[in-house]
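Dear colleague,

Please find below the structure I am handing over to you, together with its sequence. My findings are set out after it.

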Amino acid sequence: MVAIKNGKIITPDETIEGKILLLEQDRIKGFADSLDGLDDIERVVNAHGRYIIPGIIDAHSDKIEQYIQPRPTSQVDFEFGLRVCERDLLGAGITTMYHSISLFGDEFFGSSPLRTKENVQKLADLIADIHLRNHLIHHRFHLRIEIDNLEAYDIVRDMIDQGKVHLISFMNHTPGQGQYRSVEIYRDVVSKYNGNLGGKEINSMGADELFEYHDNKPKLSFGQQRELAQLAHEKGIPVASHDDDTIEKLEENLKIGVDISEFPISLETAKSAKAHGFYTVVGSANILRGSSHSGNLSAAKAVLEDCADIICSDYYPAAILYSIFCMHEKYGIPLPEIVKKTSLNPAKAMRIDKDYGSLEPGKKADLLIVDILDGCPVITHVFVDGIAASRIEYRR
């Protein structure tokens, strides 16, 4: 067994001090008052008064794309990129990552070779295969489906049948609704992605022309989305929606079979999503920046208003740990409550809470030891499946 002593243990309900956390193989065995009488201890770790929290479960992050395609004209070997990525994720305290891979219908957000059918399948195959070989963290596949991609219907069906998808989400980046209710914000974001349509620059298109183009595009039907959601549920896979902005959209998603509302646009929508029974997701980068990069809902406000169940990284994994202690120190959210939003709540939404998400006897021993240095949270130890996967000490 491994014994971790002198730590502040963050459970779902309280902070425990004066207890020793015991790990046996890949599971949490329980708590002890002392080491006396424990003859099978193989290693003792002194937490030196630091926090012990569950490993972070990141339900939504497209960071992997930046490791494989660091520049528009530069692509590296997929496995090499994933290996580098998981080392950085481990350093950010993420022990389970749902890599968010997109199937876009057009190239308004720039042409990305990673979002083709062939490369999406290649990434799914790699994520599945890596668990049969040496790896550091739990990799999961989150397939994001842009609803104007009609080809996605068959792709998603096949990938679910192959057992290589762990979460699906429906996205609609049409301007005038969702994330891009403001055409000006849409123009600004799309131009930064170097998007174009048939050689015509987005900034030269009038608002009416933009709306007409997107309104006239064929999209996956309600029936097709519902069928994909049902197929996912049959396999125990949760289903998410993206950038919900109206109560009517939430009600439609409920009929489709959606379980999770990612990044609701407004406080009203977030509250309604929770009232409808959806898990609500906000981004930690939003908390780090102090606002949404698209001018939408403040994640911190959503947490304070009790309509944010899950904090994900979105695109900046290091921000999750920061967001935990920011919300605790700056806004007074108790650590057990805010920690659940990065561990137990995503585990429940992803349907893996039987094994993951909290420091409770019988669960997987995925955990972090966190210190506060110069007012900033830093990770000194990461355990994954009871194995000490990372150990860092800061110098003075």
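Predicted model: local features only at pLDDT ≥ 70, side-chain atom pairs only at ≥ 80, totals over all residues.

Six strands form an open sheet with mixed pairing, in the order 3-2-7-18-19-20. Its edges are strand 3 (15–16) and strand 20 (387–391), each of which pairs on one side only. Strands of a sheet pair through backbone hydrogen bonds, in either a parallel or an antiparallel manner. Strand 19 (residues 376–384) and strand 20 run antiparallel and are joined by four bridges. Histidine 381 has arginine 391, in strand 20, as its bridge partner. Helix 12 (residues 319–329) lies across strand 7 (51–54), strand 18 (367–373) and strand 19, and runs at about 125 degrees to strand 19.

Serine 241

Serine 241 belongs to strand 14 (residues 239–242). Its relative accessible area is 4%, so serine 241 is buried. The side chain of serine 241 makes a polar contact, at 3.4 Å, with the side chain of asparagine 253. Beyond its neighbours within four places in sequence, serine 241 is in contact with Phe170, Asn253, Val258, Ile260, Ser261 and Glu262.

Leucine 267

Leucine 267 is found in helix 9 (residues 267–275). Leucine 267 counts as buried because its relative accessibility is 19%, and the cut-off for buried is under 20%. Apart from neighbours within four places in sequence, leucine 267 contacts Leu297, Lys301, Ala302, Glu305 and Cys307. Glutamate 305 is 38 residues away along the chain, and its C-alpha atom is separated from that of leucine 267 by 8.3 Å.

Yours sincerely

Notes:
Residues numbered from 1 in each chain as written. Heavy atoms only, no water. Helix = DSSP H or I, 4+ residues; strand = E, 2+ residues; numbered from the N terminus. Buried < 20%, exposed > 50% of the residue type's maximum accessible area, 1.4 Å probe, protein only. Contact = heavy atoms within 4.5 Å. Pairing = 2+ DSSP bridges. Axes fitted to C-alpha atoms, helices over the stretch in contact; angles between N-to-C directions. Polar contact = N/O pair within 3.5 Å; in protein donor to acceptor, adjacent residues only side chain to side chain.
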